[in-house]
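Dear colleague,

Please find below the structure that I am handing over to you. My notes on it follow directly after.

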Amino acid sequence: MTDQRSFAHQNRALAYPAGNAGGPSIVEEHAFPDDFASVLEHSTVHRSTIGCIIPAYNEEESIAQVIEALLGQTRVPDVIHVVVNNTSDATVKIASEYSGPHEITTELGEQFTEVFVHDIGKNPDKKVGALNYGYSLVEGYDYLLGVDGDTIADSKAVEYLETEAVSDSRIGGISAIYTIDDKPIKGLIARFLTAGQRTQFAAFNLQNLLRGRNMAVLGGQFSIFSTNALREAMKQNHQVTPWVKDSEVEDSLLSLQIKSAGYLTKISPFARANVGGMTTLSGYDAQQVKWTYGAIELMWPGQRGDTKGQPFHPNLRLRWFENFGMLTNLFVRVAFLTLLAGSLSINAFVFSPLWLIPPLVAMLLNLRIARTMASCDRSDVLFAVLFFPAEIFMWIRISHFVRSWTRFLSRKKVDNWAMQAKAERGGGLGHWAPMVVLIAVAIALAVIWVLVGPMVQSSILWIGWPIVGVVTVLQTLLMFSKLVRRHHGYRV
């Protein structure tokens with residue numbers, strides 16, 4: 001463990017004045033090192049040192065709440081660095097209101113921290129550049145706490161993460177349980193998307209908790225990292241910084257590297273944080289396409305960000321299952337609708353009550369996932385039991401899946417970060433492309449169906465329905481196994 005007194009004397013943080021992109025300059029130097037050492041010398045609750053980094057880009061609406069949540073922790077980080085990059089709003093001004101030393105009394109005793117705000121101006125590496133800049137400021141601490149500029153943590157989140165990290169030297173990083181606070185969300189589309197994302201987060205968190213709490217992705221939203229693990233991952237991968245700019249999913253790649261370095265990547269069963277959700281179709285589409293595209297690059301052999309053991313690295317197995325599951329969902333839905341339309345066109349449709357079993361099992365599974373949420377409310381329950389909201393959301397996720405793979409296989413170089421930023425500002429119409437393609441395919445199939453003779457039509461139905469039936473039965477059995485699986489009391 002780092003010697004806290006000597007480290008405190010060495011720590012001389014630099015801050016960028018607002019708008020200064022040319023280089024660091026000392027704008028203010030408090031008697032922070034001596035005060036910090038004095039506090040630590042008489043402290044009995046700090047078993048380690050934690051340096052917090054908040055990469056922030058146009059976060060004027062949330063940055064104050066993020067900092068206040070950190071200052072309200074039972075275990076306050078020893079230093080908080082807000083690293084603002086490429087911003088065009090009042091993030092720096094608002095965050096600067098909290099800069100300086102803070103003496104805080106918590107249930108764990110007297111604690112001291114200091115908030116620094118750095119405006120690094122134009123930064124071509126975007127979030128990755130901000131993270132690496134922050135790492136250079138806290139690399140001497142025992143742990144690095146990464147917090148997104150729109151993530152509000154529960155008051156004991158840091159305490160829970162630190163307690164578990166300190167308890168086992170094998171742990172390289174621990175992620176909190178994420179969800180989205182839906183109380184402030186207004187508007188039908190926004191509330192629908194938020195309910196879907198809450199279910200998506202809950203299913204992902206629960207899946208990782210039930211896998212021995214092994215976390216495939218230490219999300220940048222709210223995770224703590226051992227700096228020893230970061231240094232080992234950097235050494236093994238010949239990197240000078242923990243995060244690299246040539247990956248769309250910098251957190252997934254770093255998690256994979258930490259795992260490859262022999263450390264554990266975990267999810268806490270207790271630490272919780274509310275993250276910023278996407279409230280528009282274009283914003284959600286851009287975010288999911290960026291994440292899925294980046295995950296595909298990690299999965300696919302020989303791509304940038306290649307790491308030992310790919311494409312069958314333990315952290316990537318879950319990714320393969322997710323993509324295979326989305327492919328199955330796409331096939332079943334498209335095939336079912338196609339065969340149903342064909343059957344109706346020649347009066348060969350025969351309804352069977354057995355067809356109601358798969359949607360019923362899916363509805364019960366969604367309901368059980370909703371009930372595992374620590375903050376489950378009426379919107380979550382209605383999203384599950386009404387079936388159609390969850391089904392529409394699945395089609396939206398399928399469109400992300402198709403767009404991501406199409407973009408990847410086309411080998412077209414795109415800046416997914418820039419596209420997400422544009423979409424969050426309300427620009428871009430790319431999220432409608434899958435629907436346009438689906439309509440075009442449906443029209444083409446209808447024309448072909450009319451052109452072929454009755455004999456061919458009957459043969460297609462005779463072969464197609466059993467195939468769809470078998471795949472649907474297997475998919476339903478998988479959902480049923482998840483439905484009856486023990487959750488061991490976990491709440492997400």
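In what follows, two residues are in contact when heavy atoms lie within 4.5 Å. Please bear in mind that this is a predicted model.

I begin with the overall composition. The protein has 17 helices and nine strands. Of its 492 residues, 51% count as buried. Among the contacts with a separation of 6 or more, 82% are between residues 24 or more positions apart.

The next item is a pair of helices, α11 and α17. Helix α11 spans residues 314-345 and helix α17 residues 454-484; their axes are 10 Å apart and the two pack at an angle of about 145 degrees. The crossing of α11 and α17 is left-handed. On the α11 side, the residues that meet α17 are T328, N329, F331, V332, A335, F336, L339, L340, G342 and S343. Their counterparts in α17 are I460, L461, G464, W465, I467, V468, V471, T472 and Q475. By class, twelve of the residues in this contact are nonpolar and seven are polar, while none is charged.

I then turned to the annotation. An unreviewed UniProt entry places the feature "transmembrane region" at residues 381-398, 432-452 and 459-480. In the model, the chain over residues 381-398 is 89% helix and 0% strand, with the end C-alpha atoms 22 Å apart. Over residues 432-452 the figures are 90% helix and 0% strand, and here the end C-alpha atoms are 31 Å apart.

Helix α14 covers residues 388-409, which makes 22 residues. From its first C-alpha to its last, α14 reaches 31 Å, close to the 32 Å expected at 1.5 Å a residue. Just after α14, R411 takes a positive phi of about 60 degrees.

Two further residues deserve a note for their backbone angles. R213 is not a glycine, yet it has a positive phi of about 60 degrees. R213 is located in the loop between α7 (188-209) and β8 (222-226). H488, also a residue other than glycine, has a positive phi near 55 degrees, and it lies in the segment after α17.

H488 has a relative accessible area of 53%, which is over 50%, so H488 is exposed.

With kind regards

Conventions:
Residues are numbered from 1 along each chain as its sequence is written. This is a predicted model: local features need pLDDT of at least 70, side-chain atom pairs count only at pLDDT 80 or more; totals for chains, interfaces and linings use all residues. Side-chain values use heavy atoms; hydrogens and water are left out. Axes are lines fitted to C-alpha atoms, for helices over the stretch in contact, and angles run from 0 to 180 degrees between N-to-C directions. Helices (H or I, at least four residues) and strands (E, at least two) are DSSP runs, numbered from the N terminus. A crossing is left-handed if the near helix is turned anticlockwise from the far one by less than a right angle, and right-handed if clockwise. Ala, Val, Leu, Ile, Met, Phe, Trp, Tyr, Cys and Pro count as nonpolar, Asp, Glu, Lys and Arg as charged, and the others, Gly among them, as polar. UniProt positions are given in the numbering used here, feature names are shortened, and annotations may be inferred rather than shown by experiment. The expected span of a helix is 1.5 Å times one less than its number of residues. Buried means under 20% relative accessible area, exposed over 50%, partly exposed in between (1.4 Å probe, protein chains only).
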